[in-house]
Amino acid sequence: MKQIMNMAGISCLRYTCANLSVIVLVVLVASCTRKTDEVQLKDETPKRAPKTEATCCWVAITNQATKKIEVYDPADASWTTPKWSWMPTTDLSYISSSEISLWDTPTDIKVRNNTVFANTAQVITATSYRLATIARYTGTGLRGQKLWVMGFNDTTSLHAMEILPDGNCVVASAGTAWPQGFIRVYSSSQPSPNHGVYTQYGFTSVHAVLWDQTHQVLWALGNQLRKYTYNSPASGGTITNPKLHLETTYATLPSAWGHDLSADVNDPDQLLLTTNGGVYIFHISTGTFSTMPGAVQGTFVKAISSQPGQNTLVSTQPSSGCTINSWCTATVNFFNATTGTATDSRTVSGAAIYKGKTFDPNYY
């Protein structure tokens, strides 16, 4: 991975109450704000361990030391045991030779409310350098079970993925050498063998993709910030043959090499983004950038996100104490979103975190 990566995310607080009966331990997770937007459905499949649904308050990390997605609760003072962890396995219907073998170091994780797939209420999207996948998070069936997967060649270097409301998806490849890079929109909503129809759009060193539910557009960040419409009349796309239309290009970033991109969940007119040189706010209505204040501002930030109903940002930035690679850290940092003042942090011992972001199932 190159030093053209950035920023982090954040997490809101939540309370947990446990009620022990003779046989079953049920954990109820109290949500932060926006309860009406969230899907908090019960997983009907019998499990050996209690489970909780994604809320606005948790933080998911891509731990490249364990090669797993791990989800933690900021309300826990010590991050020793994740609320949930995941990687492709044969038990989850992934094929060892052609799919699991392509999963190496995870690069992106999102959770979304989506009922397109049978028996599913929430899904995760996850990428490693050569594998992109959609898996069930809540619903009837195994948590983490494969719903859609696509493998790539060794020049791809996937960095991000987003699922669209209709069940199709977009993947972002930074490429392994200059000036490679592309985004592809896939017909992942369709049953096999039609699930792999795609259209590719060249985009140098693209690192992030984000669906904007408010404005009904897709944002992508690389050496530029781009805004696309999806399956619009201008694109000519359909659900079975999805396409994007480039609507606007913001060619000049505040500093070079965009890395991470998130919705500001508390302000629909703002996006949060990072580059090699800093952490910024993009103001959608004016098409302008401003610099994030305070200690949250930093170079080579790999992930940035905000928390619903909270004045908090979550961020990850490489640290010298993490020696597995040059872009990792073992610590997720929290900041005041108004002042940028550092407010807290959590460390996962032995972790090599690339991104740590709010595990929020909603589009904004």
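**Salt bridges and an open sheet**

Reader: What is the relative accessible area of Lys-83?

Author: Lys-83 has a relative accessible area of 37%, and it counts as partly exposed. Buried means under 20% relative accessible area, exposed means over 50%, and partly exposed is in between, with a 1.4 Å probe and protein chains only. This is a predicted model, in which local features need pLDDT of at least 70 and side-chain atom pairs count only at pLDDT 80 or more, while totals for chains, interfaces and linings use all residues. Residues are numbered from 1 along each chain as its sequence is written, and side-chain values use heavy atoms, with hydrogens and water left out.

Reader: Which residue forms a salt bridge with Lys-83?

Author: That is Asp-76, with the closest N and O atoms 3.5 Å apart; a salt bridge here is a side-chain nitrogen of Lys or Arg within 4 Å of a carboxyl oxygen of Asp or Glu. Asp-76 is partly exposed too, at 26% relative accessibility.

Reader: How many salt bridges does the structure hold?

Author: There are nine. One of them joins the side chains of Asp-104 and Lys-67, at 3.3 Å from N to O. Asp-104 sits in the loop between strands S6 and S7, and Lys-67 in the loop between strands S4 and S5, 37 residues apart. Strands are DSSP runs of E with at least two residues, numbered from the N terminus.

Reader: And Glu-99, is that one buried or exposed?

Author: Glu-99 is buried, with a relative accessible area of 10%. Its salt-bridge partner is Lys-146, with the closest N and O atoms 3.1 Å apart. Glu-99 lies in the loop between S6 and S7, whereas Lys-146 is in strand S10, so the pair ties together parts 47 residues apart in sequence. Lys-146 counts as partly exposed, at 22%.

Reader: Changing topic, in what order do the strands of the open sheet run?

Author: The order is S19-S20-S21-S22, four strands with antiparallel pairing, where two strands pair if DSSP finds at least two bridges between them. S19 (258–263) and S22 (288–291) stand at the edges with a single partner strand each, so one side of each is left without a neighbour in the sheet. Neighbouring strands are turned by 30° against each other on average, direction ignored.

Reader: How many bridges hold S21 and S22 in their pairing?

Author: S21, residues 279–283, pairs with S22 over four bridges, in the antiparallel sense. Within that pairing, Ile-281 has Ser-290 of S22 as its bridge partner.

Terms used. Axes are lines fitted to C-alpha atoms, for helices over the stretch in contact, and angles run from 0 to 180 degrees between N-to-C directions.
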